[in-house]
Amino acid sequence: MAISIRPYQIGDAPQMADILNEIIEIGGTTAYLSPLSAEKMKAKIAGGGERARWNIAVDENEQIIGFQWAEPHSLLPPEAASIATFVRVGVVGGGIGSKLFAVTCAQMRALGFIWINASIRSDNASGLSYYTKMGFQDWSIEPDAALSDGRIVGKTHKRYNL
């Protein structure tokens, strides 16, 4: 499969919401528990600010197969960005995450960030594995971190130095 990475475009929000909502429905990997509409996805993207970057992975038919964003976060110092990655169910592998991350890293460096934080549910083996493969290292673990519904799943924070 041919994969290309491009910046977010306003018409991408419905497909992005579909990808995220399928992941939410399956459960076990994201801290998001409630589906997002395309409008809520657009609002999230718009709320990221001028130092946020949203990248889209598309296949040869221009169908979105994944997306990644990085942005400042209120719980991090100003030199750190927070990252999140989502890939369409059933399409994992093939270098989608690696290609997204290469573009995101270059953008975050250009914006003056020094490091990137990934906060992952501690029970999300695939997410922990992905970020480790990208070169992230554990820097903080919250064993008692809970989801919005009260379930304790823990949270692992991983750091990538740019």
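1. The largest nonpolar core has 19 residues, and M16, M41, W54, F67 and F86 make the most contacts inside it. At least two residues of this core come from each of α1 (13-26), α2 (38-46), β2, β3 and β4. The biggest share is that of α1, with six residues. Please keep in mind that this is a predicted model.

2. A second, separate core numbers 16 residues, including C105, F113, I120 and Y131. In general, nonpolar side chains in soluble globular proteins tend to be buried together.

3. Leaving aside residues up to four places away in sequence, W54 touches R6, P7, Y8, M16, M41, K44, I45, F67, Q68, W69 and E71.

4. Now to helix α4, residues 125-133, where G127, L128, Y130 and Y131 are buried. Viewed down the axis of α4, these buried residues fall within an arc of 160°, so they line one face of the helix. The face turned away from that buried side carries the exposed residues A125, S126 and K133. The cover over the buried residues of α4 includes β3 (64-71), β4 (80-87), α3 (96-110), β5 (115-121) and β7 (155-161).

5. After α4 comes G135, with a positive phi near 105°. E62 also deserves a check: its phi is positive, about 65°, although E62 is not a glycine. Most residues other than glycine have a negative phi. E62 sits in the loop between β2 (53-58) and β3, and is partly exposed, with a relative accessible area of 45%.

Conventions: Residues are numbered from 1 along each chain as its sequence is written. This is a predicted model: local features need pLDDT of at least 70, side-chain atom pairs count only at pLDDT 80 or more; totals for chains, interfaces and linings use all residues. Side-chain values use heavy atoms; hydrogens and water are left out. Buried means under 20% relative accessible area, exposed over 50%, partly exposed in between (1.4 Å probe, protein chains only). Helices (H or I, at least four residues) and strands (E, at least two) are DSSP runs, numbered from the N terminus. The arc is that of the directions from the helix axis to the C-beta atoms. Contact means heavy atoms within 4.5 Å. A nonpolar core is a set of buried Ala, Val, Leu, Ile, Met, Phe, Trp, Tyr and Cys residues joined through side-chain atoms within 4.5 Å.
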